[in-house]
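Colleague: Please take a close look at one part for me, the aromatic rings. How do they pair, and how is such a pair described?

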Amino acid sequence: MSAVPDGKKLVRSPSGLRMVPEDGAFSSPFCLREPRWVPDRECPRCMQCDTKFDFIRRKHHCRRCGRCFCDKCCSRKVALPRMCFVDPVRQCGECSLASHKESEFYDKQLKVLLAGGTFVVTVGTSEKSETMTCRLSNNHRYLFLDGDTHLEVALSRVSSMQILTDGSSPGETDLHSYTSLLDSHFLSEGGGGRPSGLLLLCRPGDSQDGLQLRMEASDDRKLASVWLAAMHKAAKLLYEARDQ
């Protein structure tokens, strides 16, 4: 599965030029689908300020939500990497704020995840642990763990994730928890300690039995903490993408 193609192709959509995977099935899980545009005939007025459209006041569609606005309410052109646009695209005020917030993840935190961090990894109920480097794959679909052995965890198989903080244990309130990471509901978010570990429950292959991975910061705790904080942000993007 790790050998999926990473090739990209340039395509033109009604919203602009996009650089997308050659095989759409292997797109990044952080990506959002282009929205269906509200048909012109269904929006005689701006969906923000209620200004009536005419020959002077033209209508514009937000490339992120697909709704219809006047130029004043949809004048911002903002980068939208989650839809693979090559250039900044027109977005309404609400969507442009969301895209600005995500820009930090793409500019900084995604690079941290790709570079990796070092952790002491325990698989299941084993009494043995192994020091491994964990990093996000280039296509963002897998977590690769490399040490004396090699493990691959598909993000689509992650059923729950807990970001542990200093002094916390699984089940305590001082953690960030996502259940059914990609397609279910958000449970809780709390605690203010520094991230110190990660507890993953995933479904390997077609098996219904869950596999638990516990990852604890190794020698370079600062780097591991930065990687875990970036992973927490990634989990939030995946969760929020369900409804977009």
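Modeller: F105 is buried, as its relative accessible area is 0%; buried means under 20% relative accessible area, exposed over 50%, partly exposed in between, with a 1.4 Å probe and protein chains only. F30 is buried too, with a relative accessible area of 0%. This is a predicted model, in which local features need pLDDT of at least 70 and side-chain atom pairs pLDDT 80 or more, while totals for chains, interfaces and linings use all residues. Residues are numbered from 1 along each chain as its sequence is written, and side-chain values use heavy atoms, leaving out hydrogens and water.

Now the pairs. A pair of aromatic rings is described by the distance of the centres and the angle of the planes. Rings of Phe, Tyr and Trp (its six-membered ring) pair if their centres lie within 6.5 Å; planes under 30 degrees apart count as stacked, over 60 as edge-to-face and the rest as tilted. The whole structure holds four aromatic pairs. In one of them, the ring centres of F30 and F105 are 5.2 Å apart and the planes are at 65°, so this pair is edge-to-face. It links distant parts of the chain, 75 residues apart: F30 is in the loop between strand 2 and strand 3, F105 in helix 1 (residues 93-115). Helices (H or I, at least four residues) and strands (E, at least two) are DSSP runs, numbered from the N terminus. Y142 and F144 make a stacked pair, 6.2 Å centre to centre with 20° between the planes. Y142 is buried at 6%, and F144 is buried at 9%. Ring pairs also join F30, F105 and Y106 into a cluster.
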